[in-house]
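Work through the exercises below with the sequence and the coordinates open. Each task is followed by a stepwise solution.

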Amino acid sequence: ERRRRRRTGGNEGGEAIASDASSNAACALFPAAQLSNAGKGDWRNAVPSFSSRALQGWLLLCCQLPSGGMQDKPGKGRDHYHTCYCLSGLSVAQHWGSDGLVGPATNLLERTDPLVNVTEARLAEWTRLVAQLPKI
């Protein structure tokens, strides 16, 4: 059984598991995607296996850069990969569970579907467009 880290919201599993943005965002994305893919109803109704407030705090305070973008961990530079997964994990953490939003309401992101890693609004639009395509 893995224990949660109190400060980062990530998993504690040994020295090889670093406390970084992608592994912490995965704490939110992978369980939510598994529930979504398994057809077990709305994944947001399940109890998260992590502290969503701790994960939000880590991503906002340690990974977000004042000049924009998000970094893997303090001291690293920003890049597109970590910005994408930090924002995806942050969105899932904000909308999953009952821990609430960290910070002001302006921190709230659109809901992200963890299975395809796009906002739910864009997924709905894509689904509508695909349904209009001719059947082959």
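**Exercise 1.** Which residues does T83 touch, not counting residues up to four places away in sequence?

Solution. The model is predicted: local features need pLDDT of at least 70, side-chain atom pairs count only at pLDDT 80 or more, and totals for chains, interfaces and linings use all residues. Residues are numbered from 1 along each chain as its sequence is written, and side-chain values use heavy atoms, with hydrogens and water left out.
- Step 1: T83 is located in helix α3 (helices are DSSP runs of H or I with at least four residues, numbered from the N terminus).
- Step 2: with contact taken as heavy atoms within 4.5 Å, T83 touches G69 and M70.
- Step 3: for Q64, the C-alpha to C-alpha distance to T83 is 8.4 Å, at a sequence separation of 19 residues.

**Exercise 2.** List what M70 touches, with residues up to four places away in sequence not counted, and find its place in the largest nonpolar core.

Solution.
- Step 1: the contacts of M70 are L59, C63, Q64, R78, D79, H82, T83, C86 and L87.
- Step 2: a nonpolar core is a set of buried Ala, Val, Leu, Ile, Met, Phe, Trp, Tyr and Cys residues joined through side-chain atoms within 4.5 Å, where buried means under 20% relative accessible area, exposed over 50%, and partly exposed in between (1.4 Å probe, protein chains only).
- Step 3: the largest such core has 13 residues, and M70 is among those with the most contacts inside it, together with F50, L55, L59, C63 and C86.
- Step 4: α2 and α3 are the elements that give two or more residues to this core; the largest share, five residues, is from α2.

**Exercise 3.** Describe the packing of α2 against α3.

Solution.
- Step 1: α2 spans residues 52-63 and α3 residues 80-95; their axes are 9 Å apart, at an angle of about 145 degrees. Axes are lines fitted to C-alpha atoms over the stretch in contact, and angles run from 0 to 180 degrees between N-to-C directions.
- Step 2: on the α2 side S52, L55, Q56, L59, L60 and C63 take part, and they meet C86, G89, L90, A93 and Q94 of α3.
- Step 3: by class, this contact has seven nonpolar, four polar and no charged residues (nonpolar: Ala, Val, Leu, Ile, Met, Phe, Trp, Tyr, Cys and Pro; charged: Asp, Glu, Lys and Arg; polar: the others, Gly among them).
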